[in-house]
Amino acid sequence: MADAAIDTLDIAILGAVLVGSGIYWFKDKLLGSSTSTSINKTNLAKQPLVPMQKPNAPALKINKTVRKTRDFVEKMRETDKTVIFFYGSQTGTAEDYAARLAKEGTQRYNLKTMTADLEDYDMNLLDTLPADHLAVFVLATYGEGEPTDNAVDFWEHLVSGEDVPEFSVGDYEDSDKPLTNLSFVMFGLGNRTYEHYNSVCRRVDEKLQALGATRIGERGEGDDDGSLEEDFLSWKDDMWKATCDFLGIDFLAGNSGPRQATYKVQEHTAEEVEGLKKVYHGEHQEPKFMLGSRPTYDSKNPYAAPISVSRELFTTAADRHCLHMEVDITGSGITYQAGDHIAVWPVNAEQEVNKLATVLNLANKLDTVLTVSNTDPASTKLPFPVPTTYRTILRNYVDITAPPSRAFIGQLTPFAPTDAASKLFALWGQDKEAFRINVADARRSLGTVLEKILGVGQSMEIPFDLLIESIPRLQARYYSISSSAKAHPTSIHLTAVVLDYKPDVAPEETVYGLATNFLHNCHGHINQSGSIEPKYEISGPRGSHFVGETGVKVPVHVRHSNFKLPRNSALPIIMIGPGTGVAPFRGFIQDRAQDVKNGKKVGATVLFFGCRREDEDYLYKDEWPELMKDIEGAQVITAFSRQPGVPKTYVQHRMNEHKELIWDLIHKQGGYFYVCGDAKNMAREVNHKLIEIAMTCGEMSEEKATTYVKELRGRGRYEEDVWS
């Protein structure tokens with residue numbers, strides 16, 4: 001019996017070894033790996049694309065760690081492309097600009113173009129792009145000078161890493177300039193109210209040139225605080241001239257022929273629908289799974305999180321709404337820290353869906369199933385999952401509530417049903433001032449713009465592929481997390497004012513914030529508080545977001561931030577957070593309160609909070625005493641701007657009253673200074689006030705005080721989480 005047992009064990013071990021070996025050797029096929037650790041002989045045989053060499057230059061060595069399955073140069077060769085448009089995009093605008101440029105290059109100048117998501121390719125292959133090819137970078141700056149989520153790996157490799165990053169070719173004539181073969185174009189998207197305006201495109205531009213690359217034309221920079229679209233349009237004409245000169249193309253001979261469709265739309269019959277494996281009704285991409293466990297949730301695959309708590313923070317005396325929500329992340333694998341952001345994935349309001357469908361003559365076939373495909377067989381990326389329906393596209397996948405671009409309005413001119421409408425399309429599409437007044441400043445949705453041009457009740461036929469091509473994808477909206485994972489490890493809290501306002505140029509109309517009104521609908525469902533306008537369909541794909549009679553899930557993911565507490569909890573902190581800018585500081589204070597409970601020494605914790613009136617919108621008023629009771633030196637200093645019988649007071653005024661305290665904590669005790677809220681006015685004023693405090697309490701000149709505050713930023717002791 002003993003011998004038999006040994007034989008069985010031997011066989012079991014041998015079988016396990018064989019299975020393990022099989023998994024190892026065929027892991028790429030079994031696990032769908034997108035990477036490879038070596039170049040195979042077939043790829044080497046096709047690999048002349050290395051930097052151009054001078055005669056008699058030493059032979060170039062190929063680094064064998066190149067991951068060929070993510071090789072954009074190989075893809076360009078196989079699909080006969082010569083110009084590649086890389087994008088780093090957070091909200092979809094940079095991606096949209098890259099696609100528009102690629103299409104214009106193809107249609108006007110017969111260029112062979114492709115667009116590329118930075119995270120989809122190995123950017124250490126930039127040194128192998130042929131010298132007669134061109135790389136175009138369209139890069140957004142996110143937050144305080146940070147790259148977008150899909151550009152993080154590229155940024156860390158090129159900018160944040162070594163002075164001379166490692167690329168795919170080992171030896172170069174000049175080891176400090178591995179990119180001498182690379183010619184590139186650069187356009188950046190930023191917001192001038194932020195200190196690090198367009199810093200991503202600027203630093204990438206600088207680094208590429210330092211590594212030997214040649215920029216073609218002037219670097220373009222768009223300002224989202226001004227007119228991003230106008231900055232883009234005014235830059236691109238000069239860019240095309242420089243690009244044509246580089247490629248040896250006659251700029252003036254550009255083709256302005258008929259529009260070339262990017263996508264093909266095919267409607268399905270009821271019989272065909274029966275044979276489809278799946279029809280998408282608002283789902284995003286298929287979830288990615290970590291080895292042998294749960295799916296991963298990120299900016300391309302949100303988690304449908306149950307809302308466990310939803311309550312109103314403003315009192316009934318206020319004429320606005322502010323929501324406190326808690327979403328349950330139990331079992332999701334999502335982690336966060338105080339200071340991170342939660343992304344909420346909304347849908348479009350039903351009134352906007354129906355309005356646009358009516359104008360486009362789609363109202364009677366909203367539930368028709370269709371498939372969208374690329375007209376270019378080399379393009380594999382689609383804007384949303386297919387097959388799907390017209391209703392789902394307008395509700396879930398494209399941002400129909402954002403004002404359409406001036407270029408798109410101009411493109412609609414040939415489809416106008418009347419001469420009067422044609423003239424208005426042409427005017428609003430060409431005249432900057434007419435566009436600003438009637439579209440941009442009025443914040444009119446596409447459906448509303450079409451109604452204004454055509455007249456209420458009128459309609460027009462627009463190729464649906466043009467609509468898909470021209471409207472950005474519906475993107476997540478980001479909110480500062482208002483909780484601490486130390487205190488609430490299985491839930492994430494968010495704090496949001498429900499946005500609605502009447503624009504100055506169109507006071508008879510109301511503009512509704514997309515995501516906050518979506519959340520308000522969720523709040524109304526949970527609390528059974530009656531009908532809320534505008535109405536959103538919050539039930540999710542096939543009703544999957546409803547939980548019982550009153551529960552609802554909301555799609556979310558977490559974006560990690562650099563807005564963090566000091567590692568040493570004993571250091572003091574000062575937080576400036578008026579309105580919902582207090583959100584991350586609620587998380588900070590929860591964090592420090594938990595540290596006290598765990599026996600850690602915690603430094604002074606001072607919050608400057610501002611709102612209109614103490615009896616209306618003083619957020620978390622009843623929580624602060626309990627949260628702060630065990631933190632030595634903790635206090636809330638309030639500023640009320642509309643309190644009856646009291647002069648209008650803002651946080652910067654209260655900073656001035658407590659300047660000695662601020663100077664002691666920041667300068668003498670080495671504390672950290674945090675600001676969250678409005679970038680354009682409040683954050684700028686707070687920065688000026690801190691400079692004044694340094695001048696007064698530190699007896700510095702204005703120049704020295706300005707340098708002092710700038711150095712605080714440079715050392716990470718002055719952090720901002722602001723928006724415009």
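Here is a short chat about reading a few features of this predicted model.

Trainee: What should I know before I start?

Mentor: This is a predicted model, where local features need pLDDT of at least 70, side-chain atom pairs count only at pLDDT 80 or more, and totals for chains, interfaces and linings use all residues. Residues are numbered from 1 along each chain as its sequence is written, and side-chain values use heavy atoms, with hydrogens and water left out.

Trainee: Where does Ser-168 sit?

Mentor: Helices (H or I, at least four residues) and strands (E, at least two) are DSSP runs, numbered from the N terminus. Ser-168 lies in the loop between α6 (152-160) and β5 (183-190).

Trainee: Is Ser-168 buried or exposed?

Mentor: Buried means under 20% relative accessible area, exposed over 50%, partly exposed in between (1.4 Å probe, protein chains only). Ser-168 has 3% relative accessibility, so it counts as buried. Across the protein, buried residues make up 51% of the 724 residues.

Trainee: Which side chain does the side chain of Ser-168 join in a polar contact?

Mentor: A polar contact is a pair of N or O atoms within 3.5 Å; within protein, one must be able to donate a hydrogen and the other to accept it, and residues adjacent in sequence count only if both atoms are side-chain atoms. Here the partner is the side chain of Asp-127, at 2.9 Å.

Trainee: How many helices and strands does the protein have?

Mentor: The secondary structure comes to 23 helices and 26 strands.
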